[in-house]
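Trainee: Hey, I've just been handed a structure I've never seen before. Could you walk me through it?
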Amino acid sequence: MWKVKYCVASIYVNCFGESSVSYYAFCKGYGLHTVQNINDEYVLWYDTKEEAKKHIMNSEGECVISFGFEI
């Protein structure tokens, strides 16, 4: 069975035009932070796009993306 989940991604472009993407994650030792790997076990996943949108902290450079999971 296939399930779609949503997370908040933060996109950064430096002065050389190089971009990087990170994802909001939570771990007791680090608290709320970002990780570079979407498959990191601590990425915060939401069941709906609307729920994920509520967790955008910076309106510039952040967006909600969807990802499909085999369950």
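Trainee: What kind of model is it, and how are the residues numbered?
Mentor: Residues are numbered from 1 along each chain as its sequence is written, and side-chain values use heavy atoms, with hydrogens and water left out. This is a predicted model, so local features need pLDDT of at least 70, side-chain atom pairs count only at pLDDT 80 or more, and totals for chains, interfaces and linings use all residues.

Trainee: Okay, how many helices and strands are there?
Mentor: The protein has 1 helix and 4 strands. Those are DSSP runs numbered from the N terminus, with helices being H or I of at least four residues and strands being E of at least two. Along the sequence they follow the pattern β-β-β-α-β.

Trainee: What box do the C-alpha atoms fill?
Mentor: Roughly 45 × 25 × 20 Å, taken along the principal axes.

Trainee: And in what order do the strands sit in the sheet?
Mentor: The order is 3-2-1-4 in an open sheet, and the pairing is antiparallel. Two strands count as paired if DSSP finds at least two bridges between them.

Trainee: Which strands stand at the edges?
Mentor: Strand 3 (31-35) and strand 4 (62-70) do; each has a single partner strand, so one side of each is left without a neighbour in the sheet. The twist averages 40° from one strand to the next. For that angle, axes are lines fitted to C-alpha atoms (for helices, over the stretch in contact), and angles run from 0 to 180 degrees between N-to-C directions.

Trainee: How many bridges hold strand 1 and strand 2 together?
Mentor: Strand 1 (residues 2-13) pairs with strand 2 over 5 bridges, in the antiparallel sense. A9 stands opposite Y23 of strand 2. The hairpin of these two strands has 5 residues between them, and G17 takes a positive phi near 85° there.

Trainee: What joins strand 2 to strand 3?
Mentor: A hairpin, through 3 residues. Strand 2 (residues 19-27) and strand 3 run antiparallel, with 5 bridges joining them. F26 has L32 as its bridge partner in strand 3, and C27 stands opposite G31 in strand 3.

Trainee: Switching topic: how much of the protein is buried?
Mentor: Of its 71 residues, 23% count as buried. Buried means under 20% relative accessible area, exposed means over 50%, and partly exposed is in between, using a 1.4 Å probe and protein chains only.

Trainee: Is V8 buried or exposed?
Mentor: V8, which lies in strand 1, is buried, with a relative accessible area of 2%.

Trainee: What does V8 touch?
Mentor: Not counting residues up to four places away in sequence, V8 touches S22, Y23, Y24, A52, H55, I56, E62 and C63. Contact here means heavy atoms within 4.5 Å. V8 and V43 are 35 residues apart in sequence, with their C-alpha atoms 9.0 Å apart in space.

Trainee: S22 and E62 are on that list. Where do they lie?
Mentor: S22 is in strand 2, and E62 is in strand 4. S22 counts as buried at 10% relative accessibility, while E62 is buried with a relative accessible area of 12%.

Trainee: And what are their contacts?
Mentor: Leaving aside neighbours within four places in sequence, S22 is in contact with V8, A9, S10, T34, V35 and Q36. With that same exclusion, the contacts of E62 include V8, A9, S10, Y24, I56 and M57.

Trainee: What about F67?
Mentor: F67 is found in strand 4, and at 27% relative accessibility it counts as partly exposed. Beyond neighbours within four places in sequence, F67 is in contact with K3, V4, K5, I38, N39 and W45.

Trainee: Last one: how many positive and negative side chains does it have?
Mentor: There are 6 positive and 9 negative side chains, and the centres of the two sets lie 9 Å apart. Lys and Arg count as positive and Asp and Glu as negative, while His and the chain ends are not counted. Each charge is placed at NZ of Lys, CZ of Arg, CG of Asp or CD of Glu.
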